[in-house]
Amino acid sequence: MGDNILRELVYGRGAHADPIACVEDVSAELAARTVADYPHSIWQIVEHMSYWMDYDLGKVAGENRPYPEKAIESWPAHPSPAADQGRAEQWRVAIQRFVDLLAQVARLSESDAAELARKVQCPGPGQSRRESTVHAVLWQIAAHNSYHAGQIALLRRQFGAWPPARGGDTW
């Protein structure tokens with residue numbers, strides 16, 4: 001049965017940008033580019049979303065990972081914008097990891113009501129303990145990704161690279 005609305009939002013339906021379309025046609029050079037007064041590149045945003053999806057899916061699977069002490073721990077260092085031999089492959093790998101994690105979230109959103117209602121231990125800042133449900137964790141992932149997909153869309157507009165090849169709102 002699952003949550004069809006959640007599954008659709010994972011892939012950016014309605015007012016939400018499609019996170020895969022936002023990155024699949026971006027070159028490694030563009031992904032590593034930054035703009036003045038903004039701290040992150042598209043590449044970093046993708047890696048940050050992957051970090052949190054992996055972290056949250058680990059919680060759902062029962063892993064007991066510590067919560068990062070500082071927010072910067074969930075952000076990778078800037079990749080070099082220089083076009084070296086391995087850069088394109090590294091970016092391809094980052095995109096594939098992102099796509100794979102989205103697929104895991106989408107599959108989990110199709111779970112039955114009992115699985116979606118299952119309690120999950122969610123450490124927070126200072127390793128405080130709180131309890132959530134699988135369903136709530138998945139909605140948090142979708143909301144987090146939607147926020148950052150919007151940032152990617154705006155960065156692409158800054159770079160003159162919007163809309164994506166598969167299309168997207170041009171505002």
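Me: How exposed is Y51, and how should I read that term?

Reply: Y51 is partly exposed, at a relative accessible area of 26%; buried means under 20% relative accessible area, exposed over 50%, and partly exposed in between, with a 1.4 Å probe and protein chains only. This is a predicted model, in which local features need pLDDT of at least 70 and side-chain atom pairs count only at pLDDT 80 or more, while totals for chains, interfaces and linings use all residues. Residues are numbered from 1 along each chain as its sequence is written, and side-chain values use heavy atoms, leaving out hydrogens and water.

Me: How many aromatic pairs does a search of the whole structure find?

Reply: Rings of Phe, Tyr and Trp (its six-membered ring) pair if their centres lie within 6.5 Å, and planes under 30 degrees apart count as stacked, over 60 as edge-to-face and the rest as tilted. The search of the whole structure finds 6 such pairs. One of them is tilted, because the rings of W43 and W91 have centres 5.2 Å apart and planes at 50°. This pair links distant parts of the chain, with W43 in helix α4 (residues 42-60) and W91 in helix α5 (residues 87-109), 48 residues apart, where helices are DSSP runs of H or I, at least four residues, numbered from the N terminus. Both W43 and W91 are buried.

Me: Why is the pair of Y51 and Y55 stacked?

Reply: The planes of Y51 and Y55 lie at 10° with ring centres 6.5 Å apart, so the pair is stacked. Both residues lie in helix α4, 4 residues apart, about one turn of the helix. Y55 counts as buried, at 2% relative accessibility.

Notes:
Helix = DSSP H or I, 4+ residues; strand = E, 2+ residues; numbered from the N terminus.
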